[in-house]
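Reader: I have a chain open here and a few things to ask about how it is put together. Can we go through it?

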Amino acid sequence: MELAVADRLAGAFLSGSRLRAGSRLMPLGRLIAMYLDFYGLKEQPFNITPDPRFLVYTDGHREAFDSLLYGIKSRKGFIKMVGEVGTGKTTLCRAVLRTLPNDVESALILNPAMDEIQLVSAIMQDLGIPVYCNDRMRLINLLNAYLLDQNRAGRNVVVVIDEAQNLPPAVMEQIRLLSNLETDQDKLMQIVLAGQPELENRLGRNELRQLRQRIMVSARLEPLGRKDTGYYISHRLKVAGANGDSGFDSSAVAAVYRTSHGLPRLVNKICDLALLAGYADRSRIIGRKHVRQAISELEGVI
Ligand SMILES: Nc1ncnc2c1ncn2[C@@H]1O[C@H](COP(=O)(O)OP(=O)(O)OP(=O)(O)O)[C@@H](O)[C@H]1O
Ligand SMILES: [Mg+2]
């Protein structure tokens, strides 16, 4: 829960409600512990961190997951995944990396706002290759030697670059050059580019057509549909320990869907606060009223 919102909420919901501890407002940590206990949860179900344990496989997410895994395992070289803000790209990348077999080495670059040398160094460091210098050619030779070693040992290597819509064109070009590291038979390194729809625009530029043509697998993450939103909410509650006594009724799900447009991060933010509103009301079933309270608290924030 975002602190600023939580603070306001604690004030809004708690003053005058049954959630006061004596005459003082409760510290947030204690309040959360109490509401988790009330709903029979072991942890917060709607955190906005990209925790792959909570991944819900809607058809769309399953398809994107399978595409990424297929692209990596069958050494397709470039793989692209595009999706709106908060649709689950980072979560999905992490889930894919957790699923890879032991014979795949991986690097995850979360913030690629770097120059070419920094990016190559970051990839090497994540792969566990010591980086002794900052000479581009030397670094690439070292990386190439590592990739050939891995290939000889029958191992595959994948680099996931998240937020790829922020890559400057020169760095994109460097990435394309990295993908030239190959033997006659194999792509030595699979490169996943994950990013918001701006990535698509960027790749559409004429100067990036060589990179664009090398993309062999493309995946797209769409917002959740209404039915999936309900499934998503109940699945996350279950992962957090809910035993079925608590949940969102269908009017609540409809209200969440209407405001979030099925964007998982927004679904999480609304549901998180709706649980607090339900708790203030001592209701284990979250209804439209609680969701509305949550949405009005989030006004201007979502
Ligand atoms: N399929 C899913 N199952 C469970 N949680 C999900 C799913 N998709 C997204 N989420 C949740 O939504 C939130 C946002 O997801 P994530 O950070 O992965 O989105 P993103 O597409 O990387 O966003 P951005 O474009 O801002 O980088 C996270 O809390 C994540 O756990
Ligand atoms: Mg992300």
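Reader: How many Å apart do the C-alpha centres of domain 1 and domain 2 lie?
Author: This is a predicted model, and in it those centres lie 37 Å apart.

Reader: Which residues belong to domain 1 and which to domain 2?
Author: The domain assignment gives 3-51 + 224-298 for domain 1 and 59-221 for domain 2.

Reader: How many residues of each domain are in contact with the other?
Author: Contacts involve 5 residues of domain 1 and 7 residues of domain 2. On the domain 1 side, 4 of the touching residues are nonpolar, 1 is charged and no polar residue takes part.

Reader: On to the sheet. What is the order of its strands?
Author: The sheet is open and has 5 strands in the order β2-β3-β4-β1-β5, paired in parallel. At the edges are β2 (104-109) and β5 (215-221), each of which pairs on one side only.

Reader: How many degrees are neighbouring strands turned against each other on average?
Author: 15 degrees, with direction ignored.

Reader: And how many bridges join β1 to β4?
Author: There are 5 bridges between β1 (residues 78-83) and β4 (residues 190-195), and the two strands run parallel. As one pair, Phe-78 has Ile-191 in β4 as its bridge partner.

Reader: Which strands does helix α5 touch?
Author: Helix α5, residues 116-127, packs on the sheet and touches β2 and β3 (156-161).

Reader: What angle does the direction of α5 make with that of β2?
Author: About 135 degrees.

Note on methods. Residues numbered from 1 in each chain as written. Chains lettered and ligands numbered in written order. Predicted model: local features only at pLDDT ≥ 70, side-chain atom pairs only at ≥ 80, totals over all residues. Pairing = 2+ DSSP bridges. Helix = DSSP H or I, 4+ residues; strand = E, 2+ residues; numbered from the N terminus. Axes fitted to C-alpha atoms, helices over the stretch in contact; angles between N-to-C directions. Contact = placed C-beta atoms within 7 Å. Domains from an automatic or database assignment. Nonpolar A, V, L, I, M, F, W, Y, C, P; charged D, E, K, R; others polar.
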